[in-house]
Amino acid sequence: MRLRALATLGALLLLSALAWAQSKSTKEAPEVAAPPPVSLTTLVSQVRDRFPQVEGEVVEVQGKTVTLGVGRPQGVRIGLAFAVYRQGREIRNPRTGELLGHIEEALGRATVTQVQDRLSVATFEGSDVRPADRVRTGTDKVRLTLLTFKGGVKDNLLEAVSHELYDGLAAAGRFDISLGDQISVWLAQQGITPEAFLRGERVSDAAAQFRAENILAVLFKTVERKPFMEVRLFSPPRPEPAITTAFFVPPSIKPKAPGQFSASEQARVTPERRPRSFLARLLGGDLEAGAYSSGESAIPLKEVARFGFPVVAFDMGVPKDGIPRLLISDGDTVYLYRVVNRELVAEWTYSGYRVGRVFGVYLVDLDGDGVPEIVVNRYDAKLGINAVILGVRDGTPKILVQDVHSFLVALDETGTGMKQTLWSQYYSPETFFAAGKVERVTVKNGELASLGRVAVPESFRATGVTTANILGKESHSRALVYIDGYDRLRITSGPEEIWRSTSPVGDGGYLKLQHTRYVITDGISTFYSMQPTPLAVDLDGDGVDEVVVPQNQLPGMIGVIFRGPAGVRFQQVNSGFEGVITGLGAIRGEEKEPPTLVACVVHLTGLLRVSGESQIIMTSPE
């Protein structure tokens with residue numbers, strides 16, 4: 001009897017211990033709301049499956065609300081976006097009669113707000129949609145923002161995981177990926193913790209602020225002394241996450257050795273006492289602009305010139321004589337200077353051909369003779385665009401071509417520091433920038449001659465444009481870098497968009513052109529901001545360009561775009577300049593010396609902010 005009682009008591013104690021251990025384990029284990037991926041590849045598959053490729057048709061139209069004949073079984077979910085189009089006539093092979101396809105007319109975009117088994121309801125943005133029109137997903141890449149939070153995990157491991165996750169998503173071929181660094185900064189300013197964000201707090205606000213259509217948020221932490229990831233996929237306006245999961249970092253992922261910012265797969269270990277690169281110091285906030293002097297670790301600056309007018313147009317180049325040139329305009333007159341021993345020496349001034357106001361100037365060596373031509377873009381509200389190209393004879397500027405009714409933009413397509421190529425984008429009285437109508441041009445027999453069409457994205461505008469080898473030294477061509485109509489920086493290679501900023505950049509609000517389009521007798525005015533030109537420059541000496549661009553939405557802010565292990569990265573830097581940055585330039589350093597950066601900072605005054613003064617500021621030798 002006693003043995004049976006003891007056995008019963010022992011069993012109860014064992015069950016109690018197991019229950020206590022289970023409750024303790026349950027309490028300490030992280031919450032996992034979905035089967036955890038066994039690898040990042042599985043996580044990528046889960047994310048990809050949230051954006052299915054679906055085709056269907058419109059079955060009903062009521063104003064801006066459309067009903068689609070596809071539902072849950074096809075993978076439709078709230079927030080899924082469809083391209084809406086009208087299928088037209090058949091196109092057949094004239095010899096064989098084989099059906100090649102149909103003519104399609106793009107109508108707009110439909111975003112799903114309700115889903116049922118056999119239908120879904122969506123909000124339509126566009127025009128002239130009718131029942132029987134077609135819808136589909138998968139034509140455009142899904143915009144996805146990768147947002148990572150560090151919490152108890154070493155930087156090199158976080159970078160390695162981010163790199164593999166970024167590459168996996170990019171290899172899926174479904175995503176246009178951007179990094180959410182600016183969202184992280186904004187959340188910190190708002191006092192929102194990563195844990196609160198993963199619970200859904202301020203997700204919609206962050207998405208609206210940075211135009212993030214989908215956010216993949218990853219919080220790194222340490223659990224049981226091992227690196228751990230909590231993952232949420234948000235697709236606003238849906239408040240709850242589309243994916244909720246958590247898992248340990250796969251042990252196959254090893255921390256990356258520290259290297260340079262524009263890192264290749266073979267990152268180089270930095271010697272112990274090696275000086276920090278210019279890029280590292282710039283991103284580290286070592287720019288001390290306020291006092292224009294150097295501290296122990298600051299980047300020293302020097303004011304080399306001050307003008308009593310706002311500089312609205314700025315460009316720099318280094319021709320074959322090796323002497324840097326600086327070109328500026330106050331809107332009426334064009335000034336050219338040589339940069340000698342960090343001082344400006346006036347070369348000539350041009351005040352002729354005053355048809356409209358100057359909004360852009362470029363130095364470009366079109367004929368390769370080492371003497372750059374000068375491109376001056378002017379605009380008049382009644383006459384439109386009137387560009388002129390100047391040549392220099394005996395040290396005096398002369399008109400080579402005038403009355404050019406197109407936007408002209410010069411590009412350095414070889415990375416030599418001097419622009420050699422000229423593009424022309426048609427001016428449209430209806431749309432201002434004629435979308436996609438860009439040509440390569442040159443001067444021939446006193447006229448502007450076309451050298452052929454240039455394939456550019458529809459969002460391309462001939463203002464705020466440069467080229468850069470930011471994709472790496474192994475890339476055979478320089479990427480096109482430009483600011484679109486929404487103040488977003490875009491990087492494209494041929495027809496493929498490589499990267500797009502979530503944060504606004506540029507902002508040429510200091511220089512807006514009023515364009516009036518007349519409908520019958522009434523005029524509709526639209527204001528277009530002319531953007532500062534992004535600067536492509538190798539800041540860390542690895543042969544790969546970084547891109548520096550003003551962010552005049554806040555005075556003195558600049559954005560630095562560089563290629564890191566996880567792809568193209570964006571970091572905002574406070575230059576300390578108390579004004580609007582209207583131009584950036586660079587002079588290459590000799591041998592292993594860092595480049596000299598040049599900034600034009602304008603201090604606007606008065607109620608209309610059309611007057612003021614300008615400073616030309618340069619970084620000084622170390």
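Modeller: Let us begin with burial: a residue is buried under 20% relative accessible area, exposed over 50% and partly exposed in between, with a 1.4 Å probe and protein chains only. As to the source, this is a predicted model, in which local features need pLDDT of at least 70 and side-chain atom pairs count only at pLDDT 80 or more, while totals for chains, interfaces and linings use all residues. Residues are numbered from 1 along each chain as its sequence is written, and side-chain values use heavy atoms, with hydrogens and water left out.

Colleague: Is Glu230 buried or exposed?

Modeller: Glu230 is buried, because its relative accessible area is 13%. This residue is found in strand β10 (residues 226–234); strands (E, at least two residues) and helices (H or I, at least four) are DSSP runs, numbered from the N terminus.

Colleague: Which side chains make polar contacts with that of Glu230?

Modeller: A polar contact is a pair of N or O atoms within 3.5 Å; within protein, one must be able to donate a hydrogen and the other to accept it, and residues adjacent in sequence count only if both atoms are side-chain atoms. The side chain of Glu230 has such a contact of 2.7 Å with that of Lys221, and another of 3.3 Å with that of Arg232.

Colleague: How many residues of strand β22 are buried?

Modeller: In a regular strand the side chains alternate between the two faces of the sheet. In β22 (residues 406–411), six of the six residues are buried, so the strand is largely enclosed by the rest of the structure. Ser406, Leu408 and Ala410 point one way, Phe407, Val409 and Leu411 the other way, and all are buried.

Colleague: With which strand does β22 pair?

Modeller: Strands of a sheet pair through backbone hydrogen bonds, either parallel or antiparallel. Here two strands count as paired if DSSP finds at least two bridges between them. β22 pairs with β23 (residues 421–428) in the antiparallel sense over six bridges, and Val409 has Trp423 as its bridge partner in β23.

Colleague: What is the strand order in the open sheet that contains β33?

Modeller: The order is β32-β33-β34-β35, with antiparallel pairing. Because β32 (535–537) and β35 (567–574) each have a single partner strand, they stand at the edges, and one side of each is left without a neighbour in the sheet. Between β33 (residues 546–551) and β34 (residues 557–564) there are five bridges in the antiparallel sense; Val549 has Gly559 in β34 as its bridge partner.

Colleague: Which element gives the most residues to the lining of the largest cavity?

Modeller: Rolling a probe the size of a water molecule over the atoms shows where empty space is left. To the lining of the largest cavity, β17 gives the most, with four residues.
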